[in-house]
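Subject: Handing over the structure

Hi there,

Here is the structure I promised to pass on to you. Have a look at it first, and then read on for what turned up in it.

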Amino acid sequence: MARAFPRAATEVRLPGALLCRTGTGWDLLAAGVGPALAAASTAGALTAAALEDAPYDLVVCAGIGGGFAPGAPVGSLVVADAITVADLGAETADGFLPVTELGFGTVTHRPPHTAVRAASEATGARTGTILTVSTVTGTAARATALRERHPGALAEGMEGFGVAEAAAAHGVPALEIRAVSNPVGPRDRAAWRIGDALTALTEAFGKLGPALESWNAHDDQ
Ligand SMILES: O=C(O)c1cccc(C(=O)CC[C@H]2O[C@@H](n3cnc4c(=O)[nH]cnc43)[C@H](O)[C@@H]2O)c1
């Protein structure tokens, strides 16, 4: 994704993560795989910026992901209008209960809708829920269960909710964009298109920056 930014970048090592200052006003953080590491890395970068009196205005979680058919085919882009953790809760004899039904926590962050619209118009991305999972879906049964519980889900990834939790703790809005590299469902390595998805994501990033620079956070208030 650094290829989407024209200028030379400077790398800054943060505890547990590498930050790349692109010199364009956008910093790139290699936040790691999974919600816990992504949350820790994002919180570290947000805290470092706040301590330098240069807080961020927006966090964008970007990566490849699985797409739910037929809404998000391989190669398509999805911008989240809801960033929802799918497996944070308790399994009961009557099914899964999210932590919110246990009486605590959060399971969904909603990005500012004007930023979602700006991002999807600029990149051609579809908009819908992006689920965060700690275990990649690998069966048709699990895909069906997720779809039933989250009818608006278009994609799944492993970091969005962690990034959004860290951003929310700092009072900073968060977006999530995924380029679909594989279908959500039975594991099929032959169907993965990781290179194509990364190319689509890099192209989208080139358009996202200018679109979000003209986005005004106050439009959502
Ligand atoms: O081994 C597998 O079957 C498998 C299938 C899909 C993805 C993985 C990963 O280890 C992905 C790690 C990485 O990529 C994102 N990602 C990509 N596709 C998916 C997906 O279908 N479900 C969840 N995450 C996905 C994820 O955000 C990680 O950053 C392995």
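Let me start at the end of a helix: α1 is followed by D53, whose phi is positive, near 60 degrees. Helices here are DSSP runs of H or I with at least four residues, strands are DSSP runs of E with at least two, and both are numbered from the N terminus. D53 is a residue other than glycine with this positive value, and it sits in the loop between α1 and β4. Because D53 has 6 C-beta neighbours inside 10 Å, it counts as exposed. For that term, a residue is buried if 20 or more other C-beta atoms lie within 10 Å of its own, exposed if 12 or fewer, and partly exposed in between, with C-beta atoms placed from the backbone.

Before going further, two notes on how to read all this. This is a predicted model, in which local features need pLDDT of at least 70 and side-chain atom pairs count only at pLDDT 80 or more, while totals for chains, interfaces and linings use all residues. Residues are numbered from 1 along each chain as its sequence is written.

Helix α1 covers residues 35–51, and its 17 residues should span 24 Å at 1.5 Å a residue; the end C-alpha atoms are 24 Å apart, which agrees. The expected span is 1.5 Å times one less than the number of residues. Within α1, the residues P35, A38, A39, S41, T42, A45 and L46 are buried. An α-helix has 3.6 residues a turn, so residues three or four places apart point the same way. The cover over the buried residues of α1 includes β1 (10–14), β2 (17–21), β3 (27–30), β4, β9 (126–132) and α5 (160–169). Contact here means that the C-beta atoms of two residues, placed from the backbone, lie within 7 Å.

In helix α5 you will find A168. A168 is partly exposed, because 15 other C-beta atoms lie within 10 Å. The C-alpha atoms of A168 and A43 are separated by 9.8 Å, although these residues are 125 apart along the chain.

Strands β1 and β2 run antiparallel and are joined by 5 bridges; strands count as paired if DSSP finds at least two bridges between them. V12 has L19 in β2 as its bridge partner. The hairpin of β1 and β2 has 2 residues between the strands, and G16 takes a positive phi near 80 degrees there.

Next, β2 pairs with β3 in the antiparallel sense over 4 bridges. L19 stands opposite L29 in β3, and L18 has A30 in β3 as its bridge partner. These two strands form a hairpin with 5 residues between them, where G23 in the turn has a positive phi of about 75 degrees.

**Strand β11 and its partners**

How many of the residues of strand β11 are buried? In β11 (residues 174–183), 10 of the 10 residues are, so the strand is largely enclosed by the rest of the structure. Strand β4 (residues 59–67) pairs with β11 in the parallel sense over 9 bridges, and G66 stands opposite N182 in β11. Strand β5 (residues 77–85) runs antiparallel to β11, with 3 bridges joining them; V78 has R178 in β11 as its bridge partner. In the loop between β4 and β5 lies P70, and a cis peptide bond joins A69 and P70, with omega about 0 degrees.

**Around the ligand**

Of the 17 residues around the ligand, G66, V136, G157, M158 and R187 come nearest; a residue is near a molecule if its C-beta atom, placed from the backbone, lies within 6 Å of it. β4, β10 (153–157) and β11 each supply at least two residues of this shell, and β4 gives the most, with 4 residues. By class, the shell has 6 nonpolar, 8 polar and 3 charged residues. Ala, Val, Leu, Ile, Met, Phe, Trp, Tyr, Cys and Pro count as nonpolar, Asp, Glu, Lys and Arg as charged, and the others, Gly among them, as polar.
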